[in-house]
Amino acid sequence: MGGDFAPLEAVKGLQLFINQPHKAEGIFCIGDEAVVKPLLESFNILNDVHLVHAPEVIGYHEHPTKALKEKQRSSIAIGFHLLATGKIDAFISAGNTGAMLVGAMFTIKAIEGIIRPTIGTIIPKTDGSTGLILDAGLNADCKPEHLNQFAILGSLYAQNILGIASPKVGLINVGEEEGKGNILTQATYPLLKENKQINFAGNVEGRDLFTDKADVVVCDGFTGNIILKLAESLYDVAVLRNLQDEYFNRFHYQIYGGTPVLGVAKPVIIGHGISSDIAFLNMVLLAEKMIETDVCGKMKASFASL
């Protein structure tokens with residue numbers, strides 16, 4: 001029920017998914033039956049999904065923790081209950097972002113050994129490849145240990161989801177040389193350099209983000225969110241100036257669907273509030289791939305070895 005165009009766009013996205021080859025054995029639609037069931041019928045996919053009635057909705061402006069506690073029959077609360085009890089293997093929503101993050105961290109919980117979960121965002125490269133930057137806004141203030149863990153999580157995600165065999169990890173900084181930067185980056189550099197679980201490529205500057213210098217770039221969430229919003233604006237600028245270029249089209253949010261919460265025990269994917277049917281389709285495809293590759297299990301095993 002979450003999103004500016006819910007539940008119509010979510011249902012349309014499911015129809016796109018169901019009408020193509022896929023491996024998912026079951027799709028659970030969680031929402032107000034009186035609203036969702038007629039839509040599923042009109043798009044002829046009612047028999048292809050399991051409809052779970054959720055009479056309550058957490059609004060965008062509600063306090064996440066308070067709303068989750070008080071609205072146990074909301075689609076988000078029920079979704080996390082199904083995920084926590086093993087009834088579903090991944091959970092997707094374009095609803096209240098705060099409620100999704102609270103549910104991920106306190107219902108599903110972080111993998112043992114992880115200090116803070118993180119969220120990453122895709123960065124299109126000029127050579128046609130795809131990179132990842134994290135944190136993208138969940139952790140505005142970070143310590144060196146956090147960025148070191150983000151590097152491991154990002155590397156595992158890049159290997160399993162983006163298909164990069166040995167992803168190069170870069171640290172966002174104001175210069176390439178070791179010793180550059182503020183207190184955070186100066187203290188993070190030696191941790192990344194000594195980390196045997198990653199392929200550290202050194203410092204990267206803002207001009208390196210869209211090149212092949214690094215596949216995974218780590219930074220605090222304050223910096224990462226600014227980069228994310230700036231990158232998203234490139235698509236808008238291209239449209240505004242009528243620039244017909246396939247590269248700029250790759251900055252459109254719907255191509256990547258949603259943002260996974262990395263570092264929690266099961267796949268949780270948060271969609272943009274304005275998610276379209278294409279965005280929902282790509283969120284489901286991402287969830288399917290996260291389940292298929294068992295990327296969360298591999299993250300758990302990686303931190304258990306530490």
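## Helices on the sheet

Helix α4 lies across β3 and β10, and its direction makes about 165 degrees with β3. Helix α10 (residues 277–293) also packs on the sheet, where it touches β3, β9 (258–262) and β10, running at about 165 degrees to β10. Such angles run from 0 to 180 degrees between N-to-C directions, with axes as lines fitted to C-alpha atoms, for helices over the stretch in contact. The helices (H or I, at least four residues) and strands (E, at least two) are DSSP runs, numbered from the N terminus.

A word on the source: this is a predicted model, in which local features need pLDDT of at least 70 and side-chain atom pairs count only at pLDDT 80 or more, while totals for chains, interfaces and linings use all residues. Residues are numbered from 1 along each chain as its sequence is written, and side-chain values use heavy atoms, with hydrogens and water left out.

## A closer look at α4

How many of the ten residues of helix α4 are buried? Eight are, so this helix, residues 75–84, is mostly covered; here buried means under 20% relative accessible area, exposed over 50%, and partly exposed in between (1.4 Å probe, protein chains only). The buried residues of α4 include I76, F80 and L83. Among the elements that the buried residues of α4 pack against are β1 (28–31), β2 (50–53), α3 (64–70) and α5 (97–109). Just after α4, G86 takes a positive phi of about 80 degrees.

S75 belongs to helix α4. S75 counts as buried because its relative accessibility is 9%. Leaving aside neighbours within four places in sequence, S75 is in contact (heavy atoms within 4.5 Å) with M1, I30, A54, E56 and F91.

## The sheet and its strands

Eight strands form an open sheet with mixed pairing, in the order β3-β10-β9-β4-β5-β8-β6-β7. Its edge strands, β3 and β7 (199–204), each pair on one side only. On average, neighbouring strands of this sheet are turned by 30 degrees against each other, direction ignored. Two strands pair if DSSP finds at least two bridges between them.

Strands β4 (residues 118–124) and β5 (residues 130–134) pair in the antiparallel sense over five bridges, and P124 has T130 in β5 as its bridge partner. Strand β6 (residues 168–172) pairs with β7 in the parallel sense, over five bridges; here I172 stands opposite V204 in β7.

V174 sits in the loop between β6 and α7. Is V174 buried or exposed? V174 counts as exposed because its relative accessibility is 64%. Not counting residues up to four places away in sequence, V174 touches G181 and E205. The C-alpha atoms of V174 and G206 are separated by 7.9 Å, although these residues are 32 apart along the chain.

## Aromatic rings

The structure holds five aromatic pairs. One of them joins F210 and F251 edge-to-face, at 5.5 Å centre to centre with 85 degrees between the planes. Rings of Phe, Tyr and Trp (its six-membered ring) pair if their centres lie within 6.5 Å; planes under 30 degrees apart count as stacked, over 60 as edge-to-face and the rest as tilted.

This pair links distant parts of the chain, with F210 in the loop between β7 and β8 (216–218) and F251, 41 residues apart from it, in the loop between α9 (246–249) and β9. F251 counts as buried because its relative accessibility is 6%, while F210, at 25%, counts as partly exposed. Together with Y247 and F248, F210 and F251 form one aromatic cluster.
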